Amino acid sequence: MMRAEKMVIIGNKRGIHGRVATRLASIAVSHDVRLFLCHAEKKVECSSILDVLSLALARGATVGLVAEGPQAELALAAAVGIINAQDDARHDPSG
Amino acid sequence: MTRPVKEAKRRRPLSIRALQGIGVSPGVVAAIVVVFKRQTLRAGWYHLPAEHIEKEVERFAGAINAAGDELLQLREKLAGDLADALSIIDSHLLMLRDRMLVERTIGIIRHSNVNAERALAQALSEIKERFDRIDDPYIRERFSDIKHVADRVFGLLSGREHSPLTGEDQPVILVANDFSPEDTLRMQEGNVHGFLTEKGGITSHTAIVARSLGLPAVVGIEHATSLLATGDFIILDGGSGRIILDPAPADIQRVRKSNRRDRLLADELDSYIHLVSETVDGFPVQLSANIETLAELPTVLRFGSEGIGLFRSELDYFNNRQPPNEEQLAATYQQLLATMAPYPVTVRTFDLGGDKFFNRFPGNKAWLDRERNPALGLRSIRFSLYEQTMFRSQLRALFRASVHGRLRILLPLISALAELRQVKGIVDEVLDELAGQGHPVAGDVAIGMMVEVPSAVAMADVFAAEVDFFAIGTNDLIQYSLAIDRGNQYVAHLYEPYHPAVLRMIRQTVEAGHARNIPVSLCGEMAGDPLCAPVLMGMGLDELSMRPAIVPKVKRLLRHCHSDELRRMAQQMLQCGDCDQVRSLLARELANLYPKEYYQG
C-alpha cells in the first residue's frame, strides 16, 4: 500500500473552514485514497467534513496529513496545496 | 422549515419606525414584505416495534437521497460565475452524507427503536455539542449549515414540499427566521428583491450567496417575523443594515431613483463590452481574463474579454471528481480553446503550489519535520519536473487540444535557463511522441514563461530569446522581491504593489521582451486594479489579464486615455523613491485625467 505523509502548518487565514474541508474530501474521492488529518492526538478521515471541521484547525496550527492508496503522493501534494493556500478567495489572481 | 403567512396581523407597536440589523449584502430596495413563519409543528417522537425498524431506516435513507437529489439539481442549474455558491452546495452534499449524520442516525434508529425524526434530532444535537466547544467563531458558525441540511431532511421526512419562495407577481422582500444558502439561490428565479432574517451573520453562507447574487440582505433582526407582517412596505438597506417601516413617499422615490442610476451605470459599462480596447489615439492593450474553470467561460464572453490571459489549470485539477488523466485534460482544453477561438487562451501548467515536499518513505516519521520555506520549496514548475509523468500527460493533452483554437502554454516559476531548457526538451519529446502516434498538433502553439522570480527579471533579456512571450505574475514577484509573506500578519502591511522596485522590475521585463519582439502580459491583482492599470499601460504592457467582470471598467479607462499621457505618468512613477510618493502622484494625476468614478470602486 502506498502511503505518504507530511506535517504542514495551516496557511489559510480562516483555518480549515468549510471550503477547505470540502476540497480535502473531494481530493480523497478523486484520487481514490484515504486521507487523514492528525492533530492533538486525534486522527480523523477527511471523508467526514464534520469530523474535519470539529478539529477546529485555525491558521498556524500544525497538522499531520496522511494519504493511503495508489495515488497517495499526488493526493497528498494536492491536499498540502489546499491547506497551505494563503487565502482562498477564488478571484484572487495568483499570477 | 418555514411557510408563508398571508394574513397581515399587526403586532408591533406603531411607534417602531425603523429596525437595525447587520447589513450583509449591499443595495437598497423598497418593496412589500412576505413573512415566512417558523413552523413549530414537529413530527411526534415514538418507539417502533422491532419489525418496523428496517422500514424506518429505509424511510430515512430515502429522505437523505431526496435531499441529495435536490442539491444536485440546484447545483446543475447554477450559473458559472457563482463559484462560492457551488462550493457551499458541495459542502452541504458532504454534510448530508456525513457519517456523523447518516450512520449515527441509523444507529440510533436501530439501537433505540425510535423513529427517524427522533434519531436525527439526537444525532444533530450530538453534532451541536461538538461544535459548541469550538472557540473559532467562523468554524462554529458552520453548525448553521448542518442545521440547514438537517432541516431539509426533516422536511422531506414529513413529506413537506419546498415552501414556494417565488411566484409573487410584484417585487417582494422575504422575511424569515433564517434562510438556507439553497433558499437564497432559489430566490433568483422569482421576484425577490431582497431578504431579511432574524438569525445569521456576515460570514454565514447565506450572506455569501446573497452577495454573489447581488441580492440586498440584512440579518440579525430579532423578532423580525413578528414585528413585520406580510403586506408591510419597507425600505431595506443591505449596506447599513437599516430597515425603514412605512417609509415616506419621498424616501421611496429616492430609493427608486438611485436604483435607476445604478442600472444606468451598469448599462454604461455594458456599452464598452463590444468596443475595441485601445486608447483614444488608437494604441491597443489586450484585456483578457483570469479563470480557473470552464464554468466561467460564459462570464468571460459576457464581459467582452479578448481571450484568456491565465487559465489556472491546477484548480480544475483539484475540483475534478476523478484524477485528471490525459483524455479528460484534452477534453477540457479542447472545450476551452474551441469556446474562446479565435481569441488566444493561455494555459498555465500545473502550479501545484506552496509546500510540496513530501516523504517518499512510508512509515518514516521524518514528516514531522516542517518545511521551513514552503514558498521556496518544491512547487510549481519544479514540482512538474519532479512529477514528470503528470506533467507530460498535461503537455500531451494541451498539444492534442491545440488544433481547436489558439493555444499559449505558460510555464510558472521559471528561475533559471537550465530549468526552461529542460522543459523545452520535454516539450520536444512530447511533440515527437504525438507525431509518431499520428496526433495532429497546431503549428502556432506559443510557449511562454511567467516572470515572477527576481532572477527571471534580471535575466529577462536572455530568457526573451528563448520563449514566445512573457507573463508577469505580480503576486509572486512582489512576495519574492520584497521578501514578504502576505499571509504573515506581522509583515503583510509591507506587501506593496506600488513599491518602486516592483514597478522597475515590470518595466525591465517589458523592455527586455520588446527588444526581442515578444509580447509581455501581466496577470496579477494589479492588472485589474483601476488605479494601477493606467500605469501598467503606460509601461508598455501588451496585455492585462484580470477577473472577467472588471474588463469593461478597465476598458472604459483605457478608452479615455492618450498613450503619451500614460507613458509620461509611468515615467514619473518610475522616478519615485517610495510607494507613498507613487500613490500621491497617482492620486494627483488620475484626478486630472478622468472622472473619479472611472478609477474608484
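**Figure 1. An antiparallel trio of strands in chain B.** Let's start with one pair of residues in this predicted model: B:Gln20 stands opposite B:Arg242, a residue of strand E9 of chain B. The two strands behind this pair are E2 (residues 18-20) and E9 (residues 242-245) of chain B, which run antiparallel and share three bridges. Strand E9(B) also pairs with strand E8 (residues 233-237) of chain B, again antiparallel and over three bridges. Here B:Ile235 has B:Ile244 of E9(B) as its bridge partner. Four residues lie between the strands of the E8(B)-E9(B) hairpin, where B:Gly241 adopts a positive phi near 85°.

**Figure 2. A parallel barrel in chain B.** Eight strands of chain B close into a barrel, and their pairing is parallel. Follow them around in the order E10-E11-E12-E13-E14-E15-E16-E17. From one strand to the next, the twist averages 25°.

Figure 3. Strands E12 (residues 344-348) and E13 (residues 406-411) of chain B run parallel and are joined by five bridges. Look for B:Val345, which sits opposite B:Leu407 of E13(B). Helix H13 (residues 326-340) of chain B packs on the sheet, where it touches E11 (308-312), E12 and E13 of chain B. The direction of H13(B) makes about 150° with that of E12(B).

**Figure 4. A covered helix, H22 of chain B.** Is this helix mostly covered or mostly open? Helix H22 (residues 551-558) of chain B is mostly covered, with eight of its eight residues buried.

**Figure 5. Confidence across the two chains.** For the complex, the predictor gives an ipTM of 0.84 and a pTM of 0.58. Chain B has a mean pLDDT of 85, with 89% of its residues at 70 or more. Residues 355-370 of chain B have pLDDT below 50, and this stretch makes 37 contacts in the model beyond near neighbours in sequence. In chain A the mean pLDDT is 82, and 88% of residues reach 70 or more.

Technical notes
Residues numbered from 1 in each chain as written. Chains lettered and ligands numbered in written order. Predicted model: local features only at pLDDT ≥ 70, side-chain atom pairs only at ≥ 80, totals over all residues. Pairing = 2+ DSSP bridges. Buried ≥ 20, exposed ≤ 12 C-beta atoms within 10 Å, placed from the backbone. pLDDT = per-residue confidence, 0-100. Contact = placed C-beta atoms within 7 Å. Axes fitted to C-alpha atoms, helices over the stretch in contact; angles between N-to-C directions.
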